[in-house]
Amino acid sequence: MVYKIKTMISRYEASQIIDSELKQKISRLNSNRISLNVDLSFDLYRSVHDLTEITQKAAGDYDFILLRQCFALAERLYNQGERLVKDVLENTFIYSVSRIIPAGKMEQCVSKAIISKSFYSIYLTQMMSRNN
């Protein structure tokens with residue numbers, strides 16, 4: 001019997017994954033997004049901030065393909081990341097969902113379909129605890 005050992009994504013790997021995923025997808029989808037200047041760094045906080053900014057821009061541009069890719073990347077990092085990766089995603093990316101989701105009802109429905117239930121429940125928990 002062969003057992004696979006599930007390794008957690010470290011803060012350094014998370015930064016590299018975000019940077020490589022964003023560069024590949026951004027250049028493939030829309031060349032003018034390269035101007036966001038996502039640089040390679042090992043800084044998890046900066047990388048998650050870049051992911052958040054790009055996600056917000058995708059929502060503002062109604063680029064639902066890129067928006068879905070950003071949320072899928074964030075969710076993968078959250079599910080497979082070590083505790084620090086999860087904490088930074090919760091406090092930066094998930095906390096920003098209210099700024100990411102466009103204001104119109106149609107856009108909110110589409111965006112809610114893009115956001116996973118687990119992320120949305122974390123977001124709701126954050127909003128409820130913030131209001132108490």
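Start by selecting lysine 112, which has its place in helix α6 (residues 105-114). Helices here are DSSP runs of H or I of at least four residues, strands are runs of E of at least two, and both are numbered from the N terminus. The model is a predicted one, in which local features need pLDDT of at least 70 and side-chain atom pairs count only at pLDDT 80 or more, while totals for chains, interfaces and linings use all residues. Residues are numbered from 1 along each chain as its sequence is written, and side-chain values use heavy atoms, with hydrogens and water left out.

Stay on lysine 112. Its relative accessibility is 42%, so lysine 112 counts as partly exposed; buried means under 20% relative accessible area, exposed over 50%, and partly exposed in between, with a 1.4 Å probe and protein chains only.

Zoom out to the whole chain. It holds 7 helices and 0 strands, in the order α-α-α-α-α-α-α from the N terminus on. Of its 132 residues, 41% count as buried. Among contacts between residues at least 6 apart in sequence, 69% join residues at least 24 apart, where contact means heavy atoms within 4.5 Å.

Next, select serine 10, in the segment before α1 (11-29). Serine 10 has 18% relative accessibility and therefore counts as buried. Leaving aside residues up to four places away in sequence, serine 10 touches Glu82 and Val85.

Helix α3 (residues 64-80) and helix α4 (residues 83-93) pack at about 145°, their axes 8 Å apart. Axes are lines fitted to C-alpha atoms, for helices over the stretch in contact, and angles run from 0 to 180 degrees between N-to-C directions. This crossing of α3 and α4 is left-handed, that is, the near helix is turned anticlockwise from the far one by less than a right angle. To show the contact, select Cys70, Phe71, Ala74, Leu77, Tyr78 and Asn79 in α3 with Val85, Lys86, Leu89, Glu90 and Phe93 in α4. These residues divide into 8 nonpolar, 1 polar and 2 charged; Ala, Val, Leu, Ile, Met, Phe, Trp, Tyr, Cys and Pro count as nonpolar, Asp, Glu, Lys and Arg as charged, and the others, Gly among them, as polar.

The axes of α2 and α3 come within 8 Å and cross at roughly 150°. α2 and α3 are therefore roughly antiparallel, the term for angles over 145 degrees. Their crossing is left-handed. On the α2 side the contact is made by Leu51, Ile54, Thr55, Ala58 and Ala59, and on the α3 side by Leu66, Leu67, Cys70, Phe71, Leu73 and Ala74. The division here is 10 nonpolar, 1 polar and no charged.

Finish in the loop between α2 and α3, at tyrosine 62. Its phi is near 55°, a positive value in a residue other than glycine. Most residues other than glycine have a negative phi. Tyrosine 62 counts as partly exposed because its relative accessibility is 47%.

Aspartate 63 lies in the loop between α2 (44-60) and α3. Is aspartate 63 buried or exposed? At 18% relative accessibility, aspartate 63 counts as buried. A polar atom of its side chain lies 3.1 Å from the backbone nitrogen of leucine 66.

Key
Polar contact = N/O pair within 3.5 Å; in protein donor to acceptor, adjacent residues only side chain to side chain. Parallel < 35°, antiparallel > 145°, perpendicular 65-115°, else oblique.
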